[in-house]
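Here are my notes on the aromatic side chains, as promised. Have a look at the model first, then read on.

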Amino acid sequence: MNLDWTKKDFEAYVLLYATHCNHVEDIAEQDYIRTKVDEVTFHRMHTEVVVDSDEENLDKIQSFVSDNEFTQIEKEELLKNIKQVFFADGTVDEHEKKGFSILKKIIIFLL
């Protein structure tokens, strides 16, 4: 899969996937993501996350991770931001816990 994304596009996609993994779009979670990416990137990647199936979401994330180099600091920062998305609304449900576990495996173990 050849994704024509920047690392900022990827970050937006991953964070938006995180907010969608429980099938609830929470305003607090979206507001947090907007502090990390610009509005144009937010809307472009939001559309892509929503249109893609869960399997396509994870395939794209895994593909980008496999095709690009990340420093340990970048990986840790991304995981920290994913956690912040999940905690933005004050609760973390089982879908979010499962989503974090999957994303952590992709980011840590494939990089």
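1. Start with Phe 10: at 1% relative accessibility, that residue counts as buried (buried is under 20% relative accessible area, exposed over 50%, partly exposed in between, with a 1.4 Å probe and protein chains only). Phe 70 is buried too, at 16%.

2. A word on provenance: this is a predicted model, where local features need pLDDT of at least 70, side-chain atom pairs count only at pLDDT 80 or more, and totals for chains, interfaces and linings use all residues. Residues are numbered from 1 along each chain as its sequence is written, and side-chain values use heavy atoms, with hydrogens and water left out.

3. There are six aromatic pairs in the structure (rings of Phe, Tyr and Trp, the last by its six-membered ring, pair if their centres lie within 6.5 Å; planes under 30 degrees apart are stacked, over 60 edge-to-face, the rest tilted). Phe 10 and Phe 70 have ring centres 5.6 Å apart and planes at 55°, so they make a tilted pair. Phe 10 sits in helix H1 (residues 7-20) and Phe 70 in the loop between helix H4 (54-67) and helix H5 (72-87), so the pair ties together parts 60 residues apart in sequence. Helices here are DSSP runs of H or I, at least four residues, numbered from the N terminus.

4. Ring pairs also join Trp 5, Phe 10, Tyr 13, Phe 64 and Phe 70 into a cluster.

5. What sits over the ring of Phe 70? The charged end of Lys 7, 4.4 Å from the ring centre (the cut-offs: NZ of Lys or CZ of Arg within 6 Å of the ring centre and within 35 degrees of the ring normal).

How values were computed: Helix = DSSP H or I, 4+ residues; strand = E, 2+ residues; numbered from the N terminus.
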